[in-house]
Amino acid sequence: MSTASCCRPAEDELLLPVRMLNEFTYCPRLAYLEWVQGEFADSADTVEGRWQHRRVDQPRSTRIGKEETEDEETEHIHTTSVDLSAPREGLVAKMDLVEIENGSVTPVDYKRGKRPHIAQGAWEPERVQLCAQGLILQENGYQCNEGVLYFAKSRERVRVPFDEDLVSRTRQLADQMRVVMNAASVPEPLEDSPKCPRCSLVGICLPDEVNFLQNGEENHVIRPLAPPRDDALPLYVQKPGARLKKAGDTIEVYCDDERIAVVRWLETSQIVLFGPVQASTQIMQEACHRNIPVVYLSTGGWFYGIVESMPHKNVVLRQQQYAWASDPKRRLKLARRFVQGKISNCRTMLRRNLGEAAPAVLDDLKQYTQQAARARGLPELLGIEGNAAHRYFTCFGGMLKNGDGFPFDFTGRNRRPPRDPVNALLSFGYSMLVREWTVALMATGFDPFMGFYHQAGHGRPALALDLMEEFRPLIADSTVLTVINHGEIRRGDFIARMGSVSLTPDARTRFLAAFERRMNQEITHPVFGYSISYRRVLAVQARLLARYLCGEIPEYPFFVTR
Ligand code: SF4
């Protein structure tokens, strides 16, 4: 095999990791999302892949033995987890295993699953990755003419000769990858590809959704490629004095030396601590390691902050976010969408719960939605939103079923502090929602403090406040109606102090349970038509906003239910 390359990388160019070359061969967008935008998501495949790799991920050298042949002594050496680079080829690799036999070197790459029964013995991404390892070994002076793919499930070794065709294809893909990775925009998603259902980034990439929103084709079927809901849930701890300790794969919660809860890390999406609750250093380190945010709230639910491992690597998205936020025209365009979504959803709430009882207010809210779409500036938009909110909350009390034992009065919205039980519930629901949005936005790579409708500053997560507008009626208000109308929370569940009303700790627990039920409730997505939980809807909306800001889709599709 030849070692000459037709297109040498520039000296200061980053070396391409051969694992990324594998991803690029599978799908250029996948490599871009992972390498340029720093996206990562575990799937069953990646988790199993790590498990299969566990033995070869530890650097180790083993002399296997010596054989006497007629002419010479033959020596076998196995070396695992070998880091090697090749600046002329522009490649770098961490090789699972390198077998050395009499000066001839064979890279061995471990794959989960069974050997595919295809003519070339393995799929192209795996063969290209292995060949790239061979090129690296060659540049480092080793004799290397073939590699081996080891399929863990079927325990089979497949030899891959580094022939001229494979070498030139590998170099061609590496050259293409350099061009694509240096481009300012992410490659287009694949169309109707059978690769997408097996892709670990499908829930981040949203291939069918982006294609649909780009082309706007009627009757286009969007495959439900990501699971409709997440298995992992937030862990809420609000017992004053509680302590969280790490115990292997679980989090243990103690109060007065008594263990009151045990939760598996795998089933935890966030750790939410209310008031004086302690988390050990081991908990914080493990949470950072697993990318699980730890959220600190006051006892009453006021948002103090979040501890996260590292800021998301998607710098390009934040640059776009700041560019949009500093352009008054583009800010207004987005702000109009948030307010339109909010007023439409408030109208739907009243239509569903008050029905014929509120034709005049439904007409008014429809008009406010139309006015919001035409607002000429943020002050005008604020005025429209204020008027719509006033109309909505004037009728909100009519949706409460004031049965025996739990009569609630509600005459309008008040806050800071809330002065009646319904307002206390609404305020608590909104703080839970802003927390959910802050977490979802940070996970996408946004700066949650730079908004478009809400002003940045005063420590407010302005972007989270923007995005939650559409979801206030759907999640927070709806939870409030549920807990009151089902009698889950009653008049005796509040504490009034100096004009301020708040929930008792027990009532907060019941409210959080109802809030979680709502977040996990599956609905039919109004645009994409598949089943999805509200929690996943938040993640998808955040991704769609990112796609819009980066110019991939022509409009931000605000979320409205029918
Ligand atoms: S979901 Fe499909 S289009 Fe998106 S990165 Fe994966 S393979 Fe590529």
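Predicted model: local features only at pLDDT ≥ 70, side-chain atom pairs only at ≥ 80, totals over all residues.
Let me start with a helix pair: in α15, residues L474, I475, S478, T479, V480, T482 and V483 meet F511, A514, F515, R517, R518 and M519 of α16. By class, the residues of that contact divide into 8 nonpolar, 3 polar and 2 charged.

Now the geometry of the pair. Two packed helices are described by the angle between their axes and the distance between the axes. Here α15, residues 471-485, packs against α16 at an angle of about 130 degrees, and the axes are 9 Å apart. Roughly antiparallel would need an angle over 145 degrees, and the two helices α15 and α16 are therefore oblique to each other. The crossing of α15 past α16 is right-handed.

What else does α16 lie across? Helix α16, residues 505-520, lies across β8 and β12, and runs at about 170 degrees to β8.

That takes us to the sheet with those strands. It is an open sheet of 4 strands with mixed pairing, in the order β8-β12-β14-β15. At the edges stand β8, 233-237, and β15, 303-307; each has a single partner strand, so one side of each is left without a neighbour in the sheet. From one strand to the next the twist averages 20 degrees. The partner of β8 is β12, residues 268-274, and the two pair in the parallel sense over 5 bridges.

Next slide, another sheet. This is an open sheet of 4 strands, again with mixed pairing, and the order is β11-β10-β9-β13. Which strands stand at the edges here? They are β11, 258-264, and β13, 278-279; each pairs with a single strand, so one side of each has no neighbour in the sheet. Strand β9, residues 243-247, runs parallel to β13, and 2 bridges join them. Within that pairing, R243 stands opposite Q278 of β13. Helix α8, residues 281-289, packs on this sheet and touches β9, β10 (250-255) and β13. The direction of α8 makes about 65 degrees with that of β9.

Last, the ligand. Which residues surround the ligand? They are Y26, C27, L30, P189, L190, C196, C199, V202, C205 and P207. By class, that shell has 10 nonpolar residues, with no polar and no charged ones. For contrast, the contact of α15 with α16 does include 3 polar and 2 charged residues.

That is what I have; questions are welcome.

Key. Residues numbered from 1 in each chain as written. Heavy atoms only, no water. Near = heavy atom within 4 Å. Nonpolar A, V, L, I, M, F, W, Y, C, P; charged D, E, K, R; others polar. Pairing = 2+ DSSP bridges. Axes fitted to C-alpha atoms, helices over the stretch in contact; angles between N-to-C directions. Contact = heavy atoms within 4.5 Å. Parallel < 35°, antiparallel > 145°, perpendicular 65-115°, else oblique. Left-handed = near helix turned anticlockwise from the far one by under 90°.
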